[in-house]
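Here are my notes on this model, as numbered points. Please read them with the structure open.

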Amino acid sequence: MSCSVARRLEWLTVSSSTPASGIEPIPEAAPLSLCAREPHVPADRLVAEMVPPPRFDSVRFETYIPDPNQPSQTEAVRVLADFAAGLGGAHAVGGAKRGLFGFGRGRTPKTPAGPRGVYLDGGYGVGKTHLLASLWHATPAEPSLKAFGTFVELTNLVGALGFQKTVQTLSGHRLLCIDEFELDDPGDTVLVSTLLGKLVDAGVALAATSNTLPGKLGEGRFAAADFLREIQGLSAHFRPLRIDGEDYRHRGLPEAPAPFTDEQVTKAAYATAGASLDDFPHLLDHLARVHPSRYGALTDDLRAVCLTDVQPVKDQSTALRLVVLADRLYDREVPVLASGRPFDTLFSEEMLNGGYRKKYFRAISRLTALARDAKGLVEA
């Protein structure tokens, strides 16, 4: 029995009302369950999906709204637009088309020395991913010659293909964008830095954002010095671009909606086509059995995620898995309707003051935004 079945049966027993859409809560119309999904993602899908996530399909530099009180945001748009325009002839134009893993392509000439990358330096919620995706869209190259992914997705690609094949896969690209470079994992930082060195030698332009190193969190929100130091020999290839500002997801927006009742969440799940319904503690247990590289596939075709009995997360491993799920849901614009505790109580004070503080605040911010999006599921 899936982790949401018990609560669905309980609601069917005690409730005689029908969902807002008028659809009777019969088994054929039962919601989906994340706990019932165990996706397996082939390597070729990992390569094909290295594009901006659905939430950023339509973003462009023109749709980024700079805060008038933060001139660095306007300057970032100008610099990145110029950077994208400069990539028009940066890489082996007219070369033979490459296969999935880079085979069948002639050797490409190296690009001139000097900064061949940009590093977007700013706190969470200032629009770094929006700008990074806009750079990807603005770069004059076919989508197959541009790659966009998080640091975790890039390390997953290396794990799936192997280091050399990953180099072959990406070396024919004109641009590689890496969101949330994980400075808090020394081993993976060295791995990806070595990979980026190979790609720079092949003429690939780079763009990145990063998190903040543990131990530096109390000294400010910006991580350019940490980033450039951790990538060591690659630092000369990056131009830091600082983006000041407050979390835009809370700029001028109302407080996050209070959690709903179990019955409201269950009714909305039954009334919403493509919604999932799961008990939050059981979902956390299930996430421990699914590799985080598969969390994107876990959310395939979902229109909404409904969760009952949201509780504070008790340990850091579980909390970090929840952060990855929150990122994938936010990328895909999947609203999250929940009962139990508010999302800003998910992580303990110790977690919020620790080495992964930035990740937890980002997760709270994103889940709060998705909770606002889900409010209409009940009001309908």
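1. Where the pocket lining comes from. This is a predicted model. Seven elements are listed here, and each gives at least two residues to the lining of the largest pocket: helix 2 (43–48), strand 2 (146–150), helix 5 (151–161), strand 3 (175–181), helix 11 (295–298), helix 12 (316–331) and helix 14 (357–379). Helix 12 provides the largest share, eight residues.

2. The largest pocket has a volume of about 1,100 Å³. Its lining counts 48 residues, and those closest to the centre are T150, V152, E153, V324 and R328.

3. The cavity. The whole structure was searched for cavities of 30 Å³ or more, and one was found. The largest cavity has a volume of about 80 Å³. Its lining consists of L34, F280, L283, V305, L307, L322, L325, A326, L329, V336, F343 and L367. Helix 10, strand 7 (304–310) and helix 12 are the elements that each give two or more of these residues. Helix 12 again has the largest share, here four residues.

4. Helix 12 against helix 14. These two helices pack at about 45 degrees, and their axes lie 9 Å apart. That angle makes helix 12 oblique to helix 14. The crossing is left-handed. On the helix 12 side, the contact uses Q316, A319, L320, V323, A326, D327, L329, Y330 and D331. On the helix 14 side, it uses K359, Y360, R362, A363, R366, L367, A369 and L370. By class, the contact of helix 12 with helix 14 has 11 nonpolar, one polar and five charged residues.

5. Helix 10 against helix 12. Is this pair oblique or roughly perpendicular? The axes of helix 10 (residues 280–287) and helix 12 come within 10 Å and cross at roughly 95 degrees. Helix 10 is therefore roughly perpendicular to helix 12. F280, L283, L284 and L287 in helix 10 touch T318, R321, L322 and L325 in helix 12. The contact of helix 10 with helix 12 has six nonpolar residues, one polar and one charged.

6. Helix 6 against helix 7. Helix 6 (residues 163–170) packs on helix 7 (residues 186–201) at an angle of about 40 degrees, with the axes 10 Å apart. That makes helix 6 oblique to helix 7. The crossing is right-handed. From helix 6, the contact takes F163, T166, V167 and L170. From helix 7, the partners are L191, T194, L195, K198 and L199. The contact of helix 6 with helix 7 has six nonpolar, two polar and one charged residues.

Key. Residues are numbered from 1 along each chain as its sequence is written. This is a predicted model: local features need pLDDT of at least 70, side-chain atom pairs count only at pLDDT 80 or more; totals for chains, interfaces and linings use all residues. Side-chain values use heavy atoms; hydrogens and water are left out. On a 1 Å grid over the protein atoms alone, a cavity is a set of points where a 1.4 Å probe fits but cannot get out, and a pocket is an open set with protein on both sides within 12 Å along at least five of seven lines; lining residues have an atom within 4 Å of a point. Grid points are joined across faces, edges and corners, and a volume is the space filled by probe spheres set on the points. Axes are lines fitted to C-alpha atoms, for helices over the stretch in contact, and angles run from 0 to 180 degrees between N-to-C directions. Angles under 35 degrees count as roughly parallel, over 145 as roughly antiparallel, 65 to 115 as roughly perpendicular and the rest as oblique. A crossing is left-handed if the near helix is turned anticlockwise from the far one by less than a right angle, and right-handed if clockwise. Contact means heavy atoms within 4.5 Å. Ala, Val, Leu, Ile, Met, Phe, Trp, Tyr, Cys and Pro count as nonpolar, Asp, Glu, Lys and Arg as charged, and the others, Gly among them, as polar.
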